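Keep the viewer open as you read.

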Amino acid sequence: MNNTRSRWTMGGKFCALVAVLVLMVVSVSAHHGSSISYDTTRLWTTWGTVTRFNYMNPHPTMTFDRKVDGGKVEHWAAELLTNPSMMARQGWTKGRTLEALRPGARVKLYLATARSGGFSAIVMKIEDESGQTVAGAGRDLGGVDLDGEPGGLQPEAGAVLPGQPDQ
């Protein structure tokens, strides 16, 4: 009898451990605020060539190349502010989006660079070559045109990040 009882206790401990691990994974993958990771107050635009697009939750991701002055090519990684559910409600189903954003497609991107700098950004809006909005806000977001400018709009040196005390 005692052996059976300890097996159930061990089984209960195992189930509790699995539950804790599942809760940890859910917490780690919790939604984040875009303004914390990206400077969404300073938008810029550029033309890029899609190298890869992933239509996935919670936010689609993409990589794209952009030619800058001197013919150099920058390789960027980005996530979209919008999500697949919102895109589908706007008529951009998975199949339609994957066709419009296939590798080699040239698109105009409205970006907010990562606060950490580098070639990482959040895409606020995508337009195809005809000016049709593929993803993001249907309205004009503005933003400074930095097509061809190396590095796009990088963070200002010494900028205080959200949650940091003023220096």
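Start at Thr97, which touches Phe53, Tyr55, Met87 and Trp92, leaving aside its neighbours within four places in sequence; contact here means heavy atoms within 4.5 Å. Thr97 lies in helix α4, residues 94–100. Helices (H or I, at least four residues) and strands (E, at least two) are DSSP runs, numbered from the N terminus. Thr97 counts as buried, at 0% relative accessibility. That label means under 20% relative accessible area, while exposed is over 50% and partly exposed is in between (1.4 Å probe, protein chains only).

What does the side chain of Thr97 reach at 3.2 Å? It is the backbone oxygen of Trp92. The backbone oxygen of Thr93 also lies 2.8 Å from a polar atom of the Thr97 side chain. Polar contacts are pairs of N or O atoms within 3.5 Å; within protein, one must be able to donate a hydrogen and the other to accept it, and residues adjacent in sequence count only if both atoms are side-chain atoms. For that, NZ of Lys or CZ of Arg must be within 6 Å of the ring centre and within 35 degrees of the ring normal.

A word on what you're looking at: this is a predicted model, in which local features need pLDDT of at least 70 and side-chain atom pairs count only at pLDDT 80 or more, while totals for chains, interfaces and linings use all residues. Residues are numbered from 1 along each chain as its sequence is written, and side-chain values use heavy atoms, with hydrogens and water left out.

Zoom out, and the chain has four helices and seven strands, running α-α-β-β-β-α-α-β-β-β-β from the N terminus on. Of its 167 residues, 32% count as buried. Most peptide bonds, by contrast, are trans.

Now for the aromatics. The whole structure holds three aromatic pairs. One of them joins Trp76 and Phe119, tilted, at 5.1 Å centre to centre and 40 degrees between the planes. Trp76 is in strand β3 (residues 73–80) and Phe119 in the loop between β4 (106–113) and β5 (120–127), so the pair ties together parts 43 residues apart in sequence. Rings of Phe, Tyr and Trp (its six-membered ring) pair if their centres lie within 6.5 Å; planes under 30 degrees apart count as stacked, over 60 as edge-to-face and the rest as tilted. Trp76 is buried at 2% relative accessibility, whereas Phe119 is partly exposed at 38%. Together with Trp44 and Phe64, they form one aromatic cluster.

Finally, the charges. There are five salt bridges, each a side-chain nitrogen of Lys or Arg within 4 Å of a carboxyl oxygen of Asp or Glu. Glu74 and Arg66 meet in one of them at 2.8 Å, N to O; Glu74 is buried at 4%, and Arg66 is buried at 1%. Glu127 and Lys125 meet at 3.2 Å, and both are buried. Lys125 also has its charged end over the ring of Tyr110, 5.1 Å from the centre.
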